[in-house]
Amino acid sequence: MSSQVLEQQDYRLRAFMVGLRAALPLTLAIVPWGLLAGSFALEAGLSGIEGQAMSVFVFAGAVQLVVLGMIGTNAGLSAILITTFLITSRHFLYGMSMRSHMSHLPLHWRLALGFLLTDELFALTGTKPPEQFNRWHALGIGLCLYMGWNLATAAGIIAGQQIPNMEALGLEFAVAATFIALVVPGVRKVSTLCAVITALLTSVACELYQVETGLLIASLLGMTAGTASSYLLGEPLASQEDAA
Amino acid sequence: MIWLTIILMTAVVFVSRYLFLEPRLPLRLGPRTTRFLSYSAPAILTAITAPIVFMPDGDLALEFSNPYLISAALAVALAYLTRHVLFTTVVSMGVFFVMHV
C-alpha cells in the first residue's frame, strides 16, 4: 500500500518536472517582457509593490503592458477595464477549449489552473487531447511561467531605468519556435491547414494595419475557415486524436 | 486607485480564464461547437506566431536576411520531420541566435 502511494507521488513529481522543463523555452521568451512590466510600472507612477502586485495577481503580459501605458497617460478606469476585457477575451476561447480537459477537476485545481491559463499554458496543453491531459504536468508548466514572469518583473523594478535593452536579443523567437513545434505535427487534415493559413494571413494583415483586436479576429477567422472547409470537404467529425 | 485598478483587472482576466472551466455553467458543447473549437489551438497559436516571424520590426520582412523567417522555416521542417517539440524548439532557437548576432 505505502509503496503504491510512493509510486504515485513519484509519478506526480515526474509529471510536474516534465512540465517545468517543457515550459523553459517559453519562460525565457517572457523574461524581456517581465523586465519591461517592472520598469514600466515605475515609469507609469506605480510603487514597486504595486508593480509587483500587478504581476502577482493579474499575470497577463499584454494586458499589463498596455494598461501601464494607459495609467501613465492618466486614462480612466472604465477605459482601462474595457481595454483589459478586449485583450483578455481570447481566454474565453482557451477556457472553452480546455473545458473537456479541466472542468471535471476539483475546485482548487480548476481555480489554480484557471488562474495560470495563459497563451503559453494553452499552447502546451490545448494541443493535446483531453485523455493525455495531466494536472501535475500542467501545474509544472504554469508555475514555471508564473515564477519566471514574477522574477523578471521584480528584476525590472529593481533595475528601473537601467534595464538592458533585451528586445534586440529577439527572445520572442522562442515563442515562435515553440508554437511552430506544437502546431505543425497537429496539421493532419486539409481543414486544419486552411485554419492555419487563414490565421497566418489575417494576423499579418491586422498587424500591418495595426488593428488592435487583430489576434482575436485572426483566430476566429482561422477557426471559421477550418470549420467551413471541413464541412465543404466532407471530413468526418474530428476524432480526439485530430483535435490538435 | 492603483490598487482598485489592479483588483478589477485581476477579476476581468481571471473570469475570462475560468468561466468556461466551471462545470456548473450550463453549457453543452455540441458537435458543431466542438468542431469549431478543435481549430482554436492551431489558429490562435499561428495568429500569435505569424507577426513575430513575418514582421519582427513592425514591417513586412519577406527576405532571406530575416533570421526570424529562416529559423521559422527550419522549425516547420524539423517539426514536420521529427514531431519532437523540445528538439525542434532548441535547434531552431540555436540557429536563430547564431544568425541574429
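How many residues of chain A are in contact with chain B, and how many of chain B with chain A? In this predicted model, 91 residues of chain A touch 65 residues of chain B. The size of an interface is often given as the accessible area lost when the parts come together. Here, about 7100 Å² is buried between chain A and chain B, and carbon and sulfur atoms give 76% of that. You'll also find 17 residue pairs in polar contact between the two chains, with both partners at pLDDT 80 or more.

Now for the charges. Side chains of opposite charge can pair when their charged atoms come close. Over all chains there are 4 salt bridges, and 1 salt bridge runs between chain A and chain B. Here are some of them:

| Pair | N to O distance |
|---|---|
| A:Asp10 and A:Arg14 | 3.0 Å |
| A:Arg90 and A:Asp119 | 2.7 Å |
| B:Glu22 and A:Arg110 | 3.4 Å |

A:Asp10 and A:Arg14 sit 4 residues apart in helix H1 of chain A, so about one helical turn separates them. A:Asp10 is partly exposed, at 40% relative accessible area. By contrast, A:Arg90 counts as buried at 11%, and A:Asp119 counts as buried at 15%.

What about the pair that crosses between chains? B:Glu22 lies in the loop between helices H1 and H2 of chain B, while A:Arg110 is in helix H7 of chain A. B:Glu22 counts as buried at 14% relative accessibility, and A:Arg110 is buried too, at 7%. Together with B:Arg24, they're linked in a network of salt bridges.

Note on methods: Residues are numbered from 1 along each chain as its sequence is written. Chains are lettered from A and ligands numbered from 1 in the order in which they are written. This is a predicted model: local features need pLDDT of at least 70, side-chain atom pairs count only at pLDDT 80 or more; totals for chains, interfaces and linings use all residues. Side-chain values use heavy atoms; hydrogens and water are left out. Contact means heavy atoms within 4.5 Å. Buried area is the accessible area (1.4 Å probe) that two parts lose on being put together, summed over both. A salt bridge is a side-chain nitrogen of Lys or Arg within 4 Å of a carboxyl oxygen of Asp or Glu. A polar contact is a pair of N or O atoms within 3.5 Å; within protein, one must be able to donate a hydrogen and the other to accept it, and residues adjacent in sequence count only if both atoms are side-chain atoms. Helices (H or I, at least four residues) and strands (E, at least two) are DSSP runs, numbered from the N terminus. Buried means under 20% relative accessible area, exposed over 50%, partly exposed in between (1.4 Å probe, protein chains only).
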